[in-house]
Amino acid sequence: MKRTILVRMAILCLVVFLVSASSTAMAAVTTYSSLGSFLEALGSTPKLEDFDDFESGTPINDQIPGVVLFSSNAPIEGYRSIQVQANDAAASEPNMLVGGSIPGNENQVAQVMILEFEPNVFAFAFYLTGYDPEASPVSIRVDFPNEGHEDFELGNGGESALTPVFFGAISDGPIA
């Protein structure tokens, strides 16, 4: 199978239930493959961020209250910052997020986008966009305040990279 690293990702839903408590037990995470099922399970209307209020090319880091985006790849030469880009593959046109990668080295250095929630949240979601259906699945790591984590994989089961793929997660404990 052809290996392609995630090059485009759009964050749709962020910040759902904010908490300041921490937990020592491992949280149980339930995942959702559609926005409708995620919102139904959530039972409330979350803050949605589609990045359409930003100009294409705007670097994104801490502009969204309660969320900081960054990448462990930032110190590597040729790093492409996490930024807004206008693209037809966006889940809600015109914009989506790109970056966290080293263009031209995608087969050697995986793209990494880290979302740090402060305060912690119990739910988050996003659309994976511009992702080749033949590519290897994307790894999603959900960290908990107690330093435990749970890993998930997400692939594009569709026929086109233009079809956004939804991932939603609701936890019974805080997500860092």
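Helices (H or I, at least four residues) and strands (E, at least two) are DSSP runs, numbered from the N terminus. Welcome to a predicted model, in which local features need pLDDT of at least 70 and side-chain atom pairs count only at pLDDT 80 or more, while totals for chains, interfaces and linings use all residues. Residues are numbered from 1 along each chain as its sequence is written, and side-chain values use heavy atoms, with hydrogens and water left out.

View 1. Starting at the N terminus, the order of elements is β-β-β-α-β-β-β-β-β-β-β-β-β. Of its 176 residues, 44% are buried (under 20% relative accessible area; exposed is over 50%, partly exposed in between; 1.4 Å probe, protein chains only). Take contacts (heavy atoms within 4.5 Å) with a separation of 6 or more: 73% of them link residues 24 or more positions apart.

**View 2. The largest nonpolar core holds 30 residues.** Such a core is a set of buried Ala, Val, Leu, Ile, Met, Phe, Trp, Tyr and Cys residues joined through side-chain atoms within 4.5 Å. Look for Ile60, Leu97, Phe124, Ile140 and Phe167, which touch the most other members. At least two residues each come from strand 5 (67-70), strand 8 (114-117), strand 9 (120-128), strand 10 (138-143), strand 11 (149-154) and strand 12 (165-175). Another core, of eight residues, lies apart from it and includes Tyr32, Phe38, Tyr127 and Phe166.

**View 3. Strand 12 pairs with strand 3 and with strand 9.** Strands pair if DSSP finds at least two bridges between them. Strand 3 (residues 29-32) runs antiparallel to strand 12, joined by four bridges, and here Val29 faces Ser171. Strand 9 is also antiparallel to strand 12, with seven bridges, and Tyr127 sits opposite Phe166. Ten of the eleven residues of strand 12 are buried, so the rest of the structure largely encloses this strand.

**View 4. Ser71 is a buried loop residue.** You will find Ser71 in the loop between strand 5 and strand 6 (83-86), with a relative accessible area of 7%. Leaving aside residues up to four places away in sequence, Ser71 touches Tyr79, Ile82, Gly100 and Val112. The Ser71 side chain also reaches the backbone oxygen of Val112 at 2.7 Å. Gln111 is 40 residues from Ser71 in sequence, yet their C-alpha atoms are 8.3 Å apart in space.

Conventions: Polar contact = N/O pair within 3.5 Å; in protein donor to acceptor, adjacent residues only side chain to side chain.
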